[in-house]
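Keep the viewer open and your selection tool ready. Each stop below says what to pick and what to look for there.

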Amino acid sequence: MLKSVEARLARLALKGDQRAFAELVEMYQDKLYHMAYRMLYNRQEAEDVVQEVFLRVYKNLERYDDTMKFSTWIYRIATNLCIDRLRKRKAVYSLDAESSEHEGLDGYAMIPSDNRTPESELLLSDTQRIIHQAIETLPAKYKSVMVLRYLEELSLQEIGDVLGMPVTTVKTRVHRGREFLRKKLEHKL
């Protein structure tokens, strides 16, 4: 049912219905921001990507094929923009600049929880920092697959649809990404 609602909103937006487009933005802006942040680890860049996604969606609504899931189409746009940004970055990118604003805490450590103690908070933020640094070092082709699989919890088929690749390639990249992370994290955790 969600697919038909999104397809209907896309058709209405294409005809100039600004409220329909606003509903699409409302449905996806937070999801896309979280996905972009998990790939880029930079709040400003993630916000820029989300803005660019919706500009591209608006300009290219006539290209949307309503026989496919709208989410697949919009995630593909967002993922490609994130990958482009990752490729343009210098090889040496430090997470310290982003996290120094919160005195060493990343965005995930800032999420409130009912059962955290100061000790568990410290251990969790250290572990998250180490994992995020390892993910940051992944090549873009593995990073996008790992973020979509484990952080966005998309199925292998959905990832294949988003990235425009066969499921077998997705499986290979997930496997290689996990191996890369395992080797990176072996001595750190």
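Start with the contacts across the whole protein chain. Among those between residues at least 6 apart in sequence, 68% join residues at least 24 apart. Remember that this is a predicted model.

**Whole chain**

Switch to a cartoon view. The protein chain has 9 helices and 0 strands. Along the sequence the pattern reads α-α-α-α-α-α-α-α-α. Of its 189 residues, 40% count as buried.

**The core**

Hide the surface and select Leu32, Val53, Val57, Phe70 and Ile74. These are the residues with the most contacts inside the largest nonpolar core, which has 53 residues. Which elements give two or more residues to this core? They are helix 1 (2-14), helix 2, helix 3, helix 4, helix 6 (118-136), helix 7, helix 8 and helix 9. Helix 2 gives the most, with 11 residues. Colour by domain next. The core draws at least three residues from each of domain 1 (5-92) and domain 2 (118-186).

Centre on Val53. Leaving aside neighbours within four places in sequence, Val53 is in contact with Leu32, Ile74, Ile77, Ala78 and Leu81.

**Met39**

Move to Met39, in helix 2. Met39 is buried, with a relative accessible area of 0%. What does Met39 touch, not counting residues up to four places away in sequence? Show Thr79, Cys82, Ile83, Leu86, Glu136, Lys143, Ser144 and Val147. Then draw a C-alpha to C-alpha distance from Met39 to Lys143. The two are 104 residues apart in sequence and 6.9 Å apart in space.

**Two loop residues with positive phi**

Go on to Tyr41. Tyr41 is found in the loop between helix 2 (18-40) and helix 3 (43-59). Check the backbone: phi is positive, about 50°, although Tyr41 is not a glycine. Most residues other than glycine have a negative phi. Is Tyr41 buried or exposed? Tyr41 is buried, with a relative accessible area of 2%.

Now select Glu153, in the loop between helix 7 and helix 8. Glu153 has a positive phi too, near 55°, and is not a glycine.

**Helix 8**

Finish at helix 8 (residues 156-163). Pick out Ile159, Gly160, Val162 and Leu163, which are buried. Turn the view to look down the axis of helix 8. The buried residues fall within an arc of 165°, so they line one face of the helix. An α-helix has 3.6 residues a turn, so residues three or four places apart point the same way.

What covers these buried residues? Show helix 4 (70-88), helix 7 (140-151) and helix 9 (167-185), which are included in the cover.

Last, step just past the end of helix 8. Gly164 takes a positive phi of about 65° there.

Notes
Residues numbered from 1 in each chain as written. Predicted model: local features only at pLDDT ≥ 70, side-chain atom pairs only at ≥ 80, totals over all residues. Heavy atoms only, no water. Buried < 20%, exposed > 50% of the residue type's maximum accessible area, 1.4 Å probe, protein only. Helix = DSSP H or I, 4+ residues; strand = E, 2+ residues; numbered from the N terminus. Arc of directions from axis to C-beta. Contact = heavy atoms within 4.5 Å. Core = buried A, V, L, I, M, F, W, Y, C linked by side-chain atoms within 4.5 Å. Domains from an automatic or database assignment.
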